[in-house]
Amino acid sequence: MGGRVLGLDEVASLAARAHGGQVDKAGRPYVEHLAAVAAGVRDRGGSEAQVAAAWLHDAVEDGAVSEAWLSGAPLPSETKAIVLAVTKRAGEEPADYAARILGTPGALLVKAADLAHNADPARLAVLDEATRERLTRKYTRMRALLGL
């Protein structure tokens, strides 16, 4: 992409605004999850493009930004591709979702960091038992499909 791209601080700020007011299943500000995934990507040796994608990994899926916005955003093409790869589509089979992630350079690292934070026992502990068990099964299955 030619021209200036958003820096990581700008991407983090944009993600915080886009998800403003959102909370996770435990009632925590959603931006905490985004920051944890971005840190997880950084800690795993991810590139700046991957860290930017971590900040935006749920933005399209949650309707915080549109695919059209993402397409025109001043972001590296790698970041855009990763965000689209990790965006789960309604009714999509988990195996198809995993295949898209595996087929997109850089996406597996972002999804691994996302799953690690989602499956954090401290985050799961505050949920009711049925939700905790359902999510644990879901994350375990996705980790298996991704070879993690």
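Buried means under 20% relative accessible area, exposed over 50% and partly exposed in between, with a 1.4 Å probe and protein chains only. The views show a predicted model, in which local features need pLDDT of at least 70, side-chain atom pairs count only at pLDDT 80 or more, and totals for chains, interfaces and linings use all residues. Residues are numbered from 1 along each chain as its sequence is written, and side-chain values use heavy atoms, with hydrogens and water left out.

**View A. Glu78 in helix 5.** Glu78 belongs to helix 5 (residues 77-85); helices are DSSP runs (H or I, at least four residues) numbered from the N terminus. Its relative accessible area is 33%, so Glu78 is partly exposed. Contact means heavy atoms within 4.5 Å. Neighbours within four places in sequence aside, Glu78 is in contact with Ser47, Ala49, Gln50, Pro105 and Gly106. The C-alpha atoms of Glu78 and Ala107 are 9.1 Å apart in space, while the two are 29 residues apart in sequence.

**View B. His19 in the loop between helix 1 and helix 2.** With a relative accessible area of 3%, His19 is buried. Residues up to four places away in sequence not counted, His19 touches Tyr30, Leu34, Asp58, Ala59, Asp62 and Ala64.

**View C. The buried face of helix 2 (residues 30-43).** Tyr30, His33, Leu34, Val37, Ala38, Gly40 and Val41 are the buried residues in helix 2. Seen down the helix axis, they fall within an arc of 160° and therefore line one face; the arc is that of the directions from the axis to the C-beta atoms. These buried residues pack against helix 1 (8-18), helix 3 (48-56), helix 7 and helix 8 (121-125). After helix 2 comes Gly45, with a positive phi near 85°.

**View D. The largest cavity, of about 40 Å³.** A cavity is a set of points on a 1 Å grid over the protein atoms alone where a 1.4 Å probe fits but cannot get out, and lining residues have an atom within 4 Å of a point. Grid points are joined across faces, edges and corners, and the volume is the space filled by probe spheres set on the points. One cavity of 30 Å³ or more is counted. The lining consists of His57, Asp58, Glu61, Val86, Tyr97, Val110, Lys111 and Asp114. Helix 7 (residues 107-118) gives the most to this lining, with three residues.

Note on methods. 1 Å grid on protein atoms, 1.4 Å probe; cavity = no way out; pocket = protein on both sides within 12 Å on 5 of 7 lines; lining within 4 Å. Helix = DSSP H or I, 4+ residues; strand = E, 2+ residues; numbered from the N terminus. Expected span 1.5 Å × (residues − 1).
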